[in-house]
Amino acid sequence: MLHRSPFFILALGCLLVSPVGEVVAQSDNLSPTNQVSNVRQMKLWSSKVPGQAAEKKREIKSGIDPRIAEKVTEVTQPMISIYSPPKDLNNGAAVVICPGGGYHILAYDLEGTEVARWLNSIGVTGVVLHYRVPRAKGRPKHELPLMDLQRAISVVRFSSKELGIDAKRIGVLGFSAGGHLAAMGSTAYKERSYQAVDDMDNVSIRPDFTVLVYPAYLNQEKEAFQLSSEFNVNDKTPPAILIHTSDDPVSSLGSIAYYSHLKKAKVPAELHVFPDGGHGYGLRPSSKAVSGWPKLVHRWLKTQSIIE
């Protein structure tokens with residue numbers, strides 16, 4: 001029997017709940033092209049959250065940071081915010097977005113909502129993931145977030161018809177630590193990191209494509225040119241595009257290592273390392289050439305036949 005997770009909208013301190021498939025409320029947000037996006041929010045776990053004490057209060061804590069806007073400081077209620085493009089623009093592709101923050105916080109607007117609205121402007125559904133932060137003590141940094149990402153992919157794929165999405169064109173996009181999480185989700189998809197809880201977990205958790213923007217933690221600490229042993233890259237790994245800069249304090253050697261393994265496995269991949277631009281720029285415009293990365297990703301999505 002299917003155990004339904006609830007849709008909910010959180011606004012001005014008010015929580016509204018309904019079953020999956022029923023939208024209680026929605027908000028209209030302007031994308032960069034002034035196209036209106038519909039936004040829906042959905043809990044990932046309807047009952048017990050795996051890896052989390054049952055008595056732990058389930059909530060999301062956030063504040064406003066002058067640079068990144070909304071900054072999420074704690075997540076014990078993992079959820080997704082689904083930004084749907086206007087119907088006349090919707091091309092059926094979707095991307096689960098993993099904001100960065102060192103697995104300590106989530107740069108939710110800078111590397112989440114702003115990216116979802118840009119995706120909407122090119123006809124792609126953006127799904128912003130509230131994965132669990134800060135890091136759980138005594139566990140690998142990505143253990144609980146990976147459960148949330150895998151569940152998010154399951155929920156989106158299971159609900160694809162309802163959301164106007166092609167179940168075979170669901171990708172992941174991650175920034176910094178979120179890039180590490182997206183890479184984990186792209187290489188650790190043969191088995192779930194949690195026990196299946198309902199029919200939503202009967203679908204594939206493999207992303208169809210991967211976008212990594214200044215990803216962190218991809219390489220080994222002592223052997224910077226070597227990919228971390230956490231990643232199992234093979235010929236079934238999703239195609240990927242990677243964006244980095246040479247002056248990033250999070251070394252571009254991690255992106256190079258991941259790209260190198262994709263190339264060895266003969267997986268379609270594209271790597272762009274710009275001379276400067278630093279770290280944590282998201283979509284924000286600057287005089288640096290790296291600010292043009294969204295156009296590169298847009299073109300790559302077309303060359304991979306993910307969008308037309």
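In this chain, residues 24 or more positions apart account for 73% of the contacts with a separation of 6 or more. The structure is a predicted model. Its chain holds six helices and 14 strands, and 56% of the 308 residues count as buried.

- Strand S8 covers residues 94-98. Five of its five residues are buried, so S8 is largely enclosed by the rest of the structure.
- In a regular strand, side chains alternate between the two faces of the sheet. In S8, Ala-94, Val-96 and Cys-98 point one way, whereas Val-95 and Ile-97 point the other way; residues of both sets are buried.
- S8 pairs with S10 in the parallel sense, over four bridges. Within S10, Thr-125 is the residue opposite Ala-94.
- S8 also pairs with S11 in the parallel sense, here over five bridges. Within S11, Leu-173 is the residue opposite Ile-97.
- S10 spans residues 125-130 and S11 spans residues 170-175. Both strands, together with S8, are included in what covers the buried residues of helix H4.

**The antiparallel open sheet**

- Strands S5, S6 and S9 form an open sheet in the order S5-S6-S9, with antiparallel pairing.
- Its edge strands are S5 (60-65) and S9 (106-107), each of which pairs on one side only.
- S5 and S6 (residues 69-75) run antiparallel and are joined by six bridges. Asp-65 has Ala-69 of S6 as its bridge partner.

**Helix H4 and its surroundings**

- Helix H4 comprises residues 177-187. Because 11 of its 11 residues are buried, H4 is largely enclosed by the rest of the structure.
- The buried residues of H4 include Ala-177, Gly-178, Gly-179 and His-180. Leu-181, Ala-182, Ala-183, Met-184, Gly-185, Ser-186 and Thr-187 are buried as well.
- The elements covering these buried residues include strands S8, S10, S11 and S12, as well as helices H2 and H5.

**Packing of H2 against H4**

- Helix H2 (residues 143-158) packs against H4 at an angle of about 60°, and the two axes are 10 Å apart. The crossing of H2 and H4 is right-handed.
- On the H2 side, the contact involves Pro-145, Leu-146 and Leu-149. On the H4 side, these residues meet Leu-181, Ala-182, Met-184 and Gly-185.
- By class, the residues of this contact divide into six nonpolar, one polar and no charged.

**Helix H5**

- Helix H5 (residues 253-264) has 12 residues, which at 1.5 Å a residue should span 16 Å; its end C-alpha atoms are 16 Å apart, in agreement with that value.
- Leu-253, Gly-254, Ser-255, Ala-257, Tyr-258 and Leu-262 are the buried residues of H5.
- The buried residues of H5 pack against helix H4 and against strands S12 (210-213), S13 (240-245) and S14 (269-274).

- Val-133 and Pro-134 are joined by a cis peptide bond, with omega of about -5°. Pro-134 lies in the loop between S10 and H2.
- Tyr-214 has a phi near 35°, a positive value in a residue other than glycine. Tyr-214 is placed in the loop between S12 and S13. With a relative accessible area of 0%, Tyr-214 is buried.
- Lys-266 likewise is not a glycine, yet its phi is positive, at about 60°.
- Lys-266 counts as exposed because its relative accessibility is 76%, over the cut-off of 50%.

Methods
Residues numbered from 1 in each chain as written. Predicted model: local features only at pLDDT ≥ 70, side-chain atom pairs only at ≥ 80, totals over all residues. Heavy atoms only, no water. Pairing = 2+ DSSP bridges. Helix = DSSP H or I, 4+ residues; strand = E, 2+ residues; numbered from the N terminus. Axes fitted to C-alpha atoms, helices over the stretch in contact; angles between N-to-C directions. Left-handed = near helix turned anticlockwise from the far one by under 90°. Contact = heavy atoms within 4.5 Å. Nonpolar A, V, L, I, M, F, W, Y, C, P; charged D, E, K, R; others polar. Expected span 1.5 Å × (residues − 1). Buried < 20%, exposed > 50% of the residue type's maximum accessible area, 1.4 Å probe, protein only.
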